[in-house]
Amino acid sequence: MASLAEKILGRAVGRGLRPGEVVEVTAQRIMVHDSIAPAVRRILTANLGHDRPLHPERMAVVIDHVAPAANLATAESQRDLRGWVAANGIRDFHDAGDGIAHQLLIEDRIARPGEIVIGSDSHSTSYGAVCAFGTGMGATDIALAVATGRTWFRVPETIRIEVTGSFGPGVGAKDLALTVTGRLGADGAIYSALEYRGVAALSVAERTTLASMAVEAGAKVGLVHPEGLPAEQAAPDWLLADDDHEPRGRRLEIDLDRLEPMLARPGRVDDVAPISEFEGRAVDVVYVGTCTNGRHEDIARVAGLLRGRRVAAGTRLIVVPASRASMAAAVADGSIATLLEAGAVIGPPGCGACIGRHMGVLAAGEVCLFTGNRNFRGRMGSPEAEIYLGSPEVAAATAVAGRLGDPRAILEVIC
Amino acid sequence: MARIWSFGSDVDTDQIVPGRYAPYMTRDEELGRYAFIEARPDFAAAVRPGDLIVAGPNFGCGSSREYAAQALHLTGLAGIFAPSFARIFYRNAANLGLRLFEADLREELGDGEEVDFDFEGRVIRAGGRELAIEEPPELLLRAWQAGGLAALLFAEARR
Ligand code: SF4
């Protein structure tokens, strides 16, 4: 019986597939962002003598990595990118301030269930939230797809994550994603597909947290079963039809009822342990944002816990919404006002300091609680800074205490 | 002679080239100088063309930044040996012509060891020992000869 990955690739080539086969397929969507676009254009020009996409209507171009521009080099590069977009009639273009590419492609339904969507960014696995075969590639692979409309894949083995139960208070999708990364290890899903099952009750936002982090276990795609997607993002019947009763590959079983708030220790995404092991560690910066946990739901959770409280003296809370729509919703429901009152800094929607290029980079010796997806040494600035990965709820508890904290402690006070 | 540079497991792209050294912040031809700039500052200064990296599993994990593979390629490395590679890094290296070998040589070869890498003979000679190299896939051999898989595929695209 076919896994979701086999079904989507099989549909694209019109026959049944087995893991290990190599297939050539049409790239139905190609996402390019500001950080990689110059390289893609340079490679196209060097090899073809021009940099025109074969199918401009399949392109999605987003300025999110250094948005708005941080310096002259990025400003000029982004000016050139806007020129390229206009010259080629690329309609799916999002300028600085619209948000993070992955969030926008899902929000605007550019990435659709059952489609093959490739992006110049490793977290293109995010599109698995709506069960699109989303995966990241480097500049040359993307340039080849831009030039030919095609790309190739080795059909991945599938690792099924069977989820049961429901999240307890203060526990959420990030804790599940961290648990999976910890259990599989950073190379546990290399060349493979992750397939989440039993998560029909999860929102698209929660699914995006899971799919975005699939790559942290090395996975090619992180497909969340499309059952339970909202009507406007519903999957086609061929994808929904559940013919997969006997999975061939590995399985991982996780009971949400027993899940606790989890953290990843600095340096390794798979060095994961419950919050109780870390409580009390002083934190300089709490950073809420990114394609993993910067959506309205995430911001609202942080605001919910911060209402009537203040960020601890000596700690900074930086909140960077994943998109303009996320920010607008957080303004509309009062979350942003709550965060400002609590002492937070609000950044413009985009990647912010996630890759250490601007707006909140970390100095040597600083400790950060980050709701993003990577805690590699040097990721957010100084290689001597320490990054802990955790959920929005842990971020809120940590901001209030000025130390790594368990959100369940504040929740008890609220209840 | 080629020098062995040993690395551990899960060497990520932020270690290979931090995001702050992205190409348009840095001139392309200089990228090689930033290979492992913070994780192992002695590397870029001392690595010579023909040297080899021997590492643990999941080499190149993390970001899709092709300039990580490009920076290593520009140092003239003759190959990277690891039990497994992160898939995006693997594709990037294939496209650029950087030679990756899925093999675990950590027990065999130590950091700083001087060896003779005879690629045509598919063998590494180290202090009287001979380590056989598995035959690489045919497509990769053709790609390496053409200067990278991208060169082959673009030639097809132009036709
Ligand atoms: S938010 Fe961070 S991880 Fe997500 S796309 Fe931007 S830089 Fe990458």
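A:Glu253 and A:Arg251 form a salt bridge, with their closest N and O atoms 3.6 Å apart. This is a predicted model. A:Glu253 counts as exposed, because its relative accessibility is 55%. A:Arg251 is partly exposed, with a relative accessible area of 46%. The pair does not stand alone. A:Arg160, A:Glu162, A:Arg251 and A:Glu253 are linked in a network of salt bridges.

The side chains of A:Arg265 and A:Glu277 meet in a salt bridge, at 3.1 Å from N to O. This pair links distant parts of the chain, 12 residues apart. A:Arg265 sits in the loop between β12 (262-264) and β13 (272-274) of chain A. A:Glu277 sits in the loop between β13 and β14 (285-289) of chain A. A:Arg265 is partly exposed at 28% relative accessibility. A:Glu277, with a relative accessible area of 53%, is exposed.

Now take A:Arg112 and A:Glu115. Their side chains also meet in a salt bridge, 3.9 Å from N to O. Buried means under 20% relative accessible area. A:Glu115 has 18%, so this residue is buried. A:Arg112 has 44% relative accessibility and counts as partly exposed. In general, side chains of opposite charge can pair when their charged atoms come close. Over all chains, the structure holds 42 salt bridges.

A:Ser192 belongs to a loop too. That loop runs between α6 (173-184) and β9 (193-197) of chain A. At 6% relative accessibility, A:Ser192 counts as buried. What surrounds A:Ser192, leaving aside its neighbours within four places in sequence? Its contacts are A:Pro156, A:Glu157, A:Ile159, A:Ala219, A:Lys220 and A:Val221.

Next comes the contact between the chains. Chain B gives 36 residues to the contact and chain A gives 47 residues. The size of an interface is often given as the accessible area lost when the parts come together. Here the area buried between chain B and chain A is about 3,400 Å². Carbon and sulfur atoms give 55% of that area. The count of salt bridges between the two chains is 3. B:Arg91 forms a salt bridge with A:Asp141, and the closest N and O atoms are 2.8 Å apart.

Helix α6 of chain B spans residues 149-158. Its buried residues are B:Leu149, B:Ala150 and B:Phe154. Seen down the axis of α6(B), these residues fall within an arc of 120°, so they line one face of the helix. Which elements cover the buried residues of α6(B)? The cover includes α2 (37-48), α5 (139-148) and β7 (150-154) of chain A. From chain B, the cover includes α4 (87-96) and α5 (138-146).

Finally, the sheet of chain B. This is an open sheet of 7 strands with mixed pairing. The strand order is β4-β3-β2-β1-β5-β6-β7. β4 (100-102) and β7 (129-132) of chain B stand at the edges. Each has a single partner strand, so one side of each is left without a neighbour in the sheet. Neighbouring strands of this sheet are turned by 30° against each other on average, direction ignored. Within the sheet, β1 (residues 2-6) and β5 (residues 114-118) of chain B pair in the antiparallel sense. Their pairing extends over 2 bridges. B:Arg3 stands opposite B:Glu114 in β5(B).

Note on methods: Residues are numbered from 1 along each chain as its sequence is written. Chains are lettered from A and ligands numbered from 1 in the order in which they are written. This is a predicted model: local features need pLDDT of at least 70, side-chain atom pairs count only at pLDDT 80 or more; totals for chains, interfaces and linings use all residues. Side-chain values use heavy atoms; hydrogens and water are left out. Two strands pair if DSSP finds at least two bridges between them. Helices (H or I, at least four residues) and strands (E, at least two) are DSSP runs, numbered from the N terminus. Axes are lines fitted to C-alpha atoms, for helices over the stretch in contact, and angles run from 0 to 180 degrees between N-to-C directions. Buried means under 20% relative accessible area, exposed over 50%, partly exposed in between (1.4 Å probe, protein chains only). The arc is that of the directions from the helix axis to the C-beta atoms. Contact means heavy atoms within 4.5 Å. Buried area is the accessible area (1.4 Å probe) that two parts lose on being put together, summed over both. A salt bridge is a side-chain nitrogen of Lys or Arg within 4 Å of a carboxyl oxygen of Asp or Glu.
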